[in-house]
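Subject: Structure for your review

Dear colleague,

Please find the structure below, followed by an account of what was found in it. I would be grateful if you would read the two side by side.

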Amino acid sequence: MIKLGVIGMSPGNAHPYSWSSIINGTFDGEEISRLGYPAVTNYLEANKDTLGIPGAEVACVWTQERSISESIAKTCNISRIVDNLEDMIPWVDAVLLCRDDPENHVAMAKPFLDARIPLFVDKPLAITMKDLHYFSEENAKGKFLMSCSSMRYANECRIVKQEINALGKLELATAVGKKDWKKYGVHLLEALFSLLDDPRLAFVKYTGKTDKDIVHIEFENGLQATVHLFMDISSTFQLSLFGQQGWRLIDIKNSYSMFRDTIIEFIRSVQEGASRLSFDKTENIIRTLIAANESKKQSGATIDMSKF
């Protein structure tokens, strides 16, 4: 039995509740809804017959407030709460860092990487090149590090990936979502890059404005893509592919499925002793995320990714 620790939580991110529930197979829907996450309760209730991951359990939790830790522990049947995240180390075989505030990821990840505890870091891994370089160096030292958006494992994308060759040579890809580039851009990038077998980048250019982020990407193979994140549109995650022989629209809705598959991939990685997701793929996506921010700072300058 793999003993997992969960670190949480950051504002608006219910992963410490949902992921712990998916792994341990139990949840308190009233408590989760009371905290403002009724959608999480709904998808856990709809999928309760598949809750629970064989061979693993969340055995320890830490958050920045004892009351939050107690709520997660009670809701998800977690037996141990620690008051300092480093105190988790003796009690766990691996850790899920379930916070999506990347500015805190290095500080929270370091104790576990130093202790060589297998670690999954929630998206986005980093938002600065300094932090990305830290994680890259730790990976190069052989530390066990996995990080991605769960949209890498979205079933809706994998269905289209099966028939992508029928579209012919791809000319354009578009991705549209709600909210902001900093936290949600990585979702659309992960889905798009995974769908396209993680192509290398040529150029990145930010062309949006406040609350209306637009990023233009050109890949080394010539494919053009645009990613749109608008704060005030209806909630959605959509991708479209346009080829010379056909096109497909992808509407990503099944959060539960992609969360569960991400967790399973991490647990399989722990069992096998190394991340099943190459860090190069994660680094490629995070560099794109950061390059768009740099372009924005430079008033929409085109970032040459061969020099970035």
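**The largest pocket**

Helices α1, α3, α8 (181-195) and α9 (255-272) each contribute at least two residues to the lining of the largest pocket. Helices here are DSSP runs of H or I with at least four residues, strands are runs of E with at least two, and both are numbered from the N terminus. This is a predicted model, in which local features need pLDDT of at least 70, side-chain atom pairs count only at pLDDT 80 or more, and totals for chains, interfaces and linings use all residues. Residues are numbered from 1 along each chain as its sequence is written, and side-chain values use heavy atoms, with hydrogens and water left out.

The largest pocket holds about 750 Å³ of space. A pocket is an open set of points on a 1 Å grid over the protein atoms alone, where a 1.4 Å probe fits, with protein on both sides within 12 Å along at least five of seven lines; lining residues have an atom within 4 Å of a point. A volume is the space filled by probe spheres set on the points, which are joined across faces, edges and corners. Of the 27 lining residues, Tyr184, Ser235, Phe237, Ser255 and Phe259 are the closest to the centre of the largest pocket. Helix α3 gives the largest share of this lining, 4 residues.

The lining of the largest pocket comprises 12 nonpolar, 10 polar and 5 charged residues. Ala, Val, Leu, Ile, Met, Phe, Trp, Tyr, Cys and Pro count as nonpolar, Asp, Glu, Lys and Arg as charged, and the others, Gly among them, as polar.

**Helices α1 and α3**

Helix α1 (residues 15-24) packs against helix α3 (residues 38-46) at an angle of about 10°, and their axes are 10 Å apart. Therefore α1 is roughly parallel to α3 (an angle under 35 degrees). In their contact (heavy atoms within 4.5 Å), Ser18, Ser21 and Ile22 of α1 meet Val40, Tyr43 and Leu44 of α3. These contact residues divide into 4 nonpolar, 2 polar and no charged.

**Backbone features in loops**

The peptide bond from glycine 8 to methionine 9 is cis, with omega near -10°; methionine 9 is in the loop between β1 (2-7) and α1. Lysine 123 and proline 124 are also joined by a cis peptide bond, with omega about -20°. Proline 124 lies in the loop between β5 (119-121) and α6 (129-140).

Yours sincerely

How values were computed
Axes are lines fitted to C-alpha atoms, for helices over the stretch in contact, and angles run from 0 to 180 degrees between N-to-C directions. Angles under 35 degrees count as roughly parallel, over 145 as roughly antiparallel, 65 to 115 as roughly perpendicular and the rest as oblique.
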